[in-house]
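Please consider the sequence and structure below.

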Amino acid sequence: FQGRCALCIGYDQWEKALSLVEQYSKQNPNSAEAYIAGARILLELHKTKEAGEALQEAGIRDPGNPEIELLWVNYMIQKNGKEKAARRLVNAFKRGYNMPSVNLTACIFAMQDGRLDDVNLILDEAAGCLPFSDPEAYPIYISIVLTLDRLSLHQNSILHYYYSYFLFLF
(Lines give C-alpha, C1' and ligand atoms only; values in the text may rest on other atoms or scores of the structure.)
Protein backbone atom coordinates (compact mmCIF):
# COMPACT_ATOMS: atom_id res chain seq x y z
CA PHE A 1 0.00 0.00 0.00
CA GLN A 2 2.62 2.56 1.03
CA GLY A 3 4.88 1.64 -1.87
CA ARG A 4 2.07 2.21 -4.37
CA CYS A 5 1.22 5.55 -2.74
CA ALA A 6 4.87 6.61 -2.86
CA LEU A 7 5.03 5.68 -6.52
CA CYS A 8 1.93 7.78 -7.30
CA ILE A 9 3.37 10.71 -5.38
CA GLY A 10 6.71 10.28 -7.17
CA TYR A 11 4.85 10.71 -10.46
CA ASP A 12 2.85 13.67 -9.10
CA GLN A 13 -0.40 11.69 -9.12
CA TRP A 14 -1.80 13.01 -5.86
CA GLU A 15 -5.45 12.22 -6.54
CA LYS A 16 -4.59 8.63 -7.42
CA ALA A 17 -2.63 8.35 -4.16
CA LEU A 18 -5.64 9.67 -2.23
CA SER A 19 -7.82 7.14 -4.03
CA LEU A 20 -5.49 4.34 -2.89
CA VAL A 21 -5.69 5.69 0.65
CA GLU A 22 -9.50 5.66 0.56
CA GLN A 23 -9.53 2.13 -0.86
CA TYR A 24 -7.14 0.87 1.83
CA SER A 25 -9.16 2.61 4.52
CA LYS A 26 -12.36 0.85 3.43
CA GLN A 27 -10.58 -2.53 3.38
CA ASN A 28 -8.94 -1.92 6.79
CA PRO A 29 -11.35 0.29 8.76
CA ASN A 30 -9.56 -0.20 12.10
CA SER A 31 -6.11 0.67 10.75
CA ALA A 32 -4.55 4.07 11.30
CA GLU A 33 -2.14 3.54 8.41
CA ALA A 34 -4.47 4.86 5.71
CA TYR A 35 -5.36 7.92 7.76
CA ILE A 36 -1.69 8.65 8.42
CA ALA A 37 -0.85 8.33 4.72
CA GLY A 38 -3.87 10.44 3.81
CA ALA A 39 -2.91 13.16 6.29
CA ARG A 40 0.63 13.25 4.92
CA ILE A 41 -0.66 13.66 1.35
CA LEU A 42 -3.27 16.26 2.34
CA LEU A 43 -0.64 18.28 4.20
CA GLU A 44 1.56 18.21 1.10
CA LEU A 45 -1.42 19.57 -0.86
CA HIS A 46 -2.03 22.18 1.90
CA LYS A 47 -5.53 20.85 2.53
CA THR A 48 -5.29 21.43 6.26
CA LYS A 49 -8.96 20.95 7.14
CA GLU A 50 -9.04 17.49 5.57
CA ALA A 51 -5.62 16.66 7.00
CA GLY A 52 -6.84 17.55 10.50
CA GLU A 53 -9.82 15.24 10.08
CA ALA A 54 -7.55 12.40 8.91
CA LEU A 55 -5.22 12.98 11.87
CA GLN A 56 -8.13 12.81 14.30
CA GLU A 57 -9.22 9.48 12.80
CA ALA A 58 -5.65 8.16 12.93
CA GLY A 59 -5.34 9.21 16.57
CA ILE A 60 -8.52 7.35 17.47
CA ARG A 61 -7.16 4.17 15.89
CA ASP A 62 -3.58 4.44 17.15
CA PRO A 63 -3.29 6.83 20.11
CA GLY A 64 0.23 7.84 21.01
CA ASN A 65 1.73 7.00 17.62
CA PRO A 66 4.76 9.30 17.20
CA GLU A 67 4.18 9.58 13.45
CA ILE A 68 0.74 11.07 14.10
CA GLU A 69 2.28 13.45 16.63
CA LEU A 70 4.76 14.73 14.03
CA LEU A 71 2.04 15.17 11.44
CA TRP A 72 0.10 17.25 13.98
CA VAL A 73 3.21 19.45 14.32
CA ASN A 74 3.26 19.94 10.53
CA TYR A 75 -0.47 20.62 10.56
CA MET A 76 -0.08 23.30 13.22
CA ILE A 77 2.80 24.91 11.37
CA GLN A 78 0.62 25.16 8.26
CA LYS A 79 -2.17 26.71 10.36
CA ASN A 80 0.35 29.30 11.65
CA GLY A 81 0.20 27.80 15.13
CA LYS A 82 3.94 27.85 15.74
CA GLU A 83 3.57 27.99 19.53
CA LYS A 84 1.16 25.04 19.61
CA ALA A 85 3.43 23.10 17.26
CA ALA A 86 6.43 23.79 19.48
CA ARG A 87 4.51 22.63 22.58
CA ARG A 88 3.46 19.43 20.82
CA LEU A 89 7.06 18.83 19.81
CA VAL A 90 8.25 19.34 23.40
CA ASN A 91 5.61 16.84 24.53
CA ALA A 92 6.89 14.37 21.95
CA PHE A 93 10.39 14.71 23.40
CA LYS A 94 9.06 14.17 26.92
CA ARG A 95 7.34 10.97 25.84
CA GLY A 96 10.62 9.71 24.45
CA TYR A 97 10.04 10.14 20.73
CA ASN A 98 13.73 10.49 20.08
CA MET A 99 13.44 9.89 16.38
CA PRO A 100 15.55 11.71 13.78
CA SER A 101 12.47 13.39 12.32
CA VAL A 102 11.53 14.80 15.74
CA ASN A 103 15.05 16.15 16.26
CA LEU A 104 15.14 17.64 12.76
CA THR A 105 11.76 19.27 13.26
CA ALA A 106 13.22 20.84 16.40
CA CYS A 107 16.06 22.04 14.19
CA ILE A 108 13.55 23.89 12.00
CA PHE A 109 12.20 25.68 15.08
CA ALA A 110 15.76 26.54 16.11
CA MET A 111 16.36 27.96 12.61
CA GLN A 112 13.21 30.09 12.85
CA ASP A 113 14.30 31.41 16.26
CA GLY A 114 17.85 32.14 15.05
CA ARG A 115 19.50 29.66 17.43
CA LEU A 116 22.34 28.67 15.09
CA ASP A 117 24.34 26.84 17.78
CA ASP A 118 21.37 24.50 18.29
CA VAL A 119 20.92 24.14 14.53
CA ASN A 120 24.56 23.15 14.07
CA LEU A 121 24.43 20.71 16.98
CA ILE A 122 21.29 18.97 15.70
CA LEU A 123 22.56 18.83 12.10
CA ASP A 124 25.93 17.41 13.13
CA GLU A 125 24.20 14.82 15.30
CA ALA A 126 21.82 13.93 12.46
CA ALA A 127 24.68 13.43 10.01
CA GLY A 128 26.21 10.95 12.45
CA CYS A 129 22.98 8.92 12.64
CA LEU A 130 22.72 8.02 8.96
CA PRO A 131 20.98 6.09 7.62
CA PHE A 132 17.94 7.42 9.48
CA SER A 133 15.65 4.92 11.16
CA ASP A 134 12.51 6.74 10.06
CA PRO A 135 11.85 7.78 6.45
CA GLU A 136 10.20 11.06 7.54
CA ALA A 137 13.62 12.39 8.51
CA TYR A 138 15.15 12.55 5.05
CA PRO A 139 12.93 15.23 3.49
CA ILE A 140 13.26 17.38 6.62
CA TYR A 141 17.04 16.91 6.62
CA ILE A 142 17.31 17.79 2.93
CA SER A 143 15.14 20.90 3.39
CA ILE A 144 17.33 22.11 6.23
CA VAL A 145 20.56 21.46 4.34
CA LEU A 146 19.26 23.29 1.26
CA THR A 147 17.89 26.20 3.29
CA LEU A 148 21.23 26.65 5.05
CA ASP A 149 23.12 26.21 1.77
CA ARG A 150 25.21 23.35 3.16
CA LEU A 151 24.76 20.94 0.29
CA SER A 152 28.49 20.39 -0.19
CA LEU A 153 28.89 19.36 3.47
CA HIS A 154 26.00 16.88 3.39
CA GLN A 155 26.15 15.65 -0.21
CA ASN A 156 26.85 12.01 0.68
CA SER A 157 23.89 11.90 3.06
CA ILE A 158 21.53 13.21 0.41
CA LEU A 159 22.85 10.81 -2.22
CA HIS A 160 22.27 7.95 0.24
CA TYR A 161 18.65 9.06 0.64
CA TYR A 162 17.95 9.14 -3.09
CA TYR A 163 19.64 5.78 -3.58
CA SER A 164 17.49 4.26 -0.81
CA TYR A 165 14.35 5.89 -2.18
CA PHE A 166 14.85 4.50 -5.66
CA LEU A 167 15.56 1.03 -4.28
CA PHE A 168 12.27 1.28 -2.37
CA LEU A 169 10.34 2.16 -5.53
CA PHE A 170 11.81 -0.59 -7.66
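Helix α4 passes helix α5 in a left-handed crossing (the near helix is turned anticlockwise from the far one by less than a right angle; clockwise would be right-handed). The model is predicted, so local features need pLDDT of at least 70 and side-chain atom pairs pLDDT 80 or more, whereas totals for chains, interfaces and linings use all residues. Residues are numbered from 1 along each chain as its sequence is written, and side-chain values use heavy atoms, without hydrogens and water.

Helices α4 and α5 pack at an angle of about 160 degrees with axes 10 Å apart, and α4 is therefore roughly antiparallel to α5 (over 145 degrees; under 35 counts as roughly parallel). On the α4 side, the contact (heavy atoms within 4.5 Å) is made by Thr 48, Gly 52, Leu 55, Gln 56, Ala 58 and Gly 59, and on the α5 side by Ile 68, Leu 71, Trp 72, Tyr 75 and Gln 78. These residues comprise six nonpolar, five polar and no charged.

Helix α5 also packs with helix α7, and these two are roughly parallel to each other. Their crossing is left-handed. Leu 70, Val 73 and Ile 77 of α5 meet Ser 101, Val 102, Thr 105 and Phe 109 of α7 in this contact, which has five nonpolar, two polar and no charged residues.

| Helix pair | Angle | Axis distance |
|---|---|---|
| α4 (residues 48-61) and α5 (residues 66-78) | about 160 degrees | 10 Å apart |
| α5 and α7 (residues 100-112) | roughly 20 degrees | within 11 Å |

Terms used. Axes fitted to C-alpha atoms, helices over the stretch in contact; angles between N-to-C directions. Helix = DSSP H or I, 4+ residues; strand = E, 2+ residues; numbered from the N terminus. Parallel < 35°, antiparallel > 145°, perpendicular 65-115°, else oblique. Nonpolar A, V, L, I, M, F, W, Y, C, P; charged D, E, K, R; others polar.
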